[in-house]
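Q: I have a model open and want to go through parts of it. Can you help me read it?

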Amino acid sequence: MNRLRLTALVLLIALLFSGNGCKTSYKQPVTTPAPTEAIALPDGVTFGEHSREPGYSVYFKTCVYDSELVTVAVDLDIYSEEALFSLAGAISRDVAAAAERLGAGSAHPTIYIVDKVITGQPLAVENHVFCTAPDVESGEYRAALMGAYYGIPIPWKQYGLFSYVFGEPDDIGLQFYYMNSGNTLTSSCAALFLSPLSADAKTVEMGRKTAASITAFVMERGGLDALRAIKSTQEVLPEWQETIGVKMPLTLPDDDAEAACMTVERDPNGLYAVRIGSTLICVKKDGFISLPDELYTFILYYLRGVKLVFTVIRRDAPEFSELAETRFNDRITINIQSNNSSFMSGNTIRLTDEFDIWHELVHVLLEPDRETRSFSWLCEAIAQHFSLYAESIVSGEYERSCFSDYASWARWYARENGISGQAAEQHIKFFRGIYDLLRASDEETPEGIVNFHLFDRAYGISSLLLPDDPFFDRTSVGEVNSVVFRPKHVDGNGLTYEEALAMFDYLMDAYGADKVMQGYMNARPLTETFGKDYEELYADFMKYLNDTYGEFLK
């Protein structure tokens, strides 16, 4: 078909739908002068320059064709007049088909045709779609088109609408698939289960079938408004599964709705990456997490823990909560790996243990200078103080099993090292006595959950009061001695993480949270903040411990 006929077809489609209110205000491409290369543009085509997405620093030059239905911008490096009008015709037909089935969209879509999408697959950002020419030709871009045209950012809804408009729901195999309880999380339709970058072919097939089937179920009962209102597939799973004959109850975690917004993209230095809000989680080839189910669960843990971290920040350091929120929204990257230990550098966290995440996150959120850390013991104490409540609640360890495990370790350690059983029992009783005393004044932690903040504080107090007790390991850096206690040491003043936490909490009680945090966040010397140097503060702290817990030493 020649260019004239294609142009006529696009204009005809535009005329058919221009009266339906489908054109709304949208962000127009930034027009720039023609490049130095002399390119003769046909009528209706202009030069443009665009960022890959809002806030992204890389720009590319395009040739832009704008119609009533859609704007199509082809990267100048791959532009040809024939390709532009051919792609514009195909895209206009798809927009017209969607409008005929669902009504006019809420936004005027702009489709950017590029040589390569950095995410590795078509991407919808607001009313923009970034894709390749083969994506348009094969129809792979249509899910992103549905998201841009109808203002729906959730990946499973985008794919479901694509299937609803351009295909037919296919429930074949879903009933048998969900008879296996191990497949339940796929019914969340999180992007992890829909993308071939992160899931195996069978999971992707069933995930997409589920998204299509649930979308059709909702659309037939309430249309687009009902689909937009759903935050999680959990809201309709009971009714949906009954209609397709799935008898086993499908139950998803409470925080599933937040994970629904995640998107999956290619990571050139790893397996794949997941973007959720301002956080980019990169799964490396040697990562301790690789399977979609594992990462989905970790993301729910992370999101819930972040809320709890901010709860403690707003309580104990309210004047710095805005700074913490700004840093959190500043594109944090988490690299999931398996070697060495977890640490942070700038806005990047290298994570080798899932429950280190909140400790390292606090380092990102609350450090006066993330390049130089002059008070190592205080940095680590603050990371412990503001993160351990999240670890307590999210991990859900029960006190009975936690202390049972600790006591079992202490008795095993005594046998292995020739220490008397009586010494082990005295050690356990001493440590548990201090924890119970601290817990008696705790009103926030639910009953039956071990408070790791108080657990570590009790351990630090105990190891300081009993420096010769062989059960308190203050010599082996990074050695794992039990399932509940991982001794870590801080350079500088010889305090372990747990001892540093105990001293920090003492300073908070003695001088007030505001004075301690103001001094720390403004990198003031201890003498300027407290009128005393470290040795004097440490002496006061040890006197307080002996006065408060001396009865336990008898």
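Q: Which way do strands β8 and β9 pair, and over how many bridges?
A: Strand β8 (residues 272–276) and strand β9 (residues 279–283) are antiparallel, paired over five bridges. Strands are DSSP runs of E with at least two residues, helices are runs of H or I with at least four, and both are numbered from the N terminus. Two strands pair if DSSP finds at least two bridges between them.

Q: What is the bridge partner of Ile 276 in β9?
A: Thr 279.

Q: Is this an experimental or a predicted model, and how is it numbered?
A: This is a predicted model, where local features need pLDDT of at least 70, side-chain atom pairs count only at pLDDT 80 or more, and totals for chains, interfaces and linings use all residues. Residues are numbered from 1 along each chain as its sequence is written, and side-chain values use heavy atoms, with hydrogens and water left out.

Q: What is the strand order in the open sheet?
A: The six strands run β7-β8-β9-β10-β12-β11, with mixed pairing. The edge strands, each pairing on one side only, are β7 (263–265) and β11 (343–345).

Q: Which helix packs on the sheet?
A: Helix α12 (residues 357–365), which touches β10 (332–336), β11 and β12 (348–351). Contact means heavy atoms within 4.5 Å.

Q: New topic. Where is Ser 67, and is Ser 67 buried or exposed?
A: Ser 67 is in the loop between β2 (59–66) and β3 (71–75). Ser 67 counts as buried because its relative accessibility is 10%. Buried means under 20% relative accessible area, exposed means over 50%, and partly exposed is in between (1.4 Å probe, protein chains only).

Q: What does the side chain of Ser 67 reach?
A: The backbone oxygen of Val 70, at 3.0 Å.

Q: What about Arg 331, where is that?
A: Arg 331 lies in the loop between α11 (321–328) and β10. Its phi is near 50°, a positive value in a residue other than glycine. Most residues other than glycine have a negative phi.

Q: And how exposed is Arg 331?
A: Arg 331 is partly exposed, since its relative accessible area is 41%.

Q: Last one: how many helices and strands does the protein have?
A: The protein has 20 helices and 12 strands. Of its 554 residues, 55% count as buried.

Notes. Axes fitted to C-alpha atoms, helices over the stretch in contact; angles between N-to-C directions. Polar contact = N/O pair within 3.5 Å; in protein donor to acceptor, adjacent residues only side chain to side chain.
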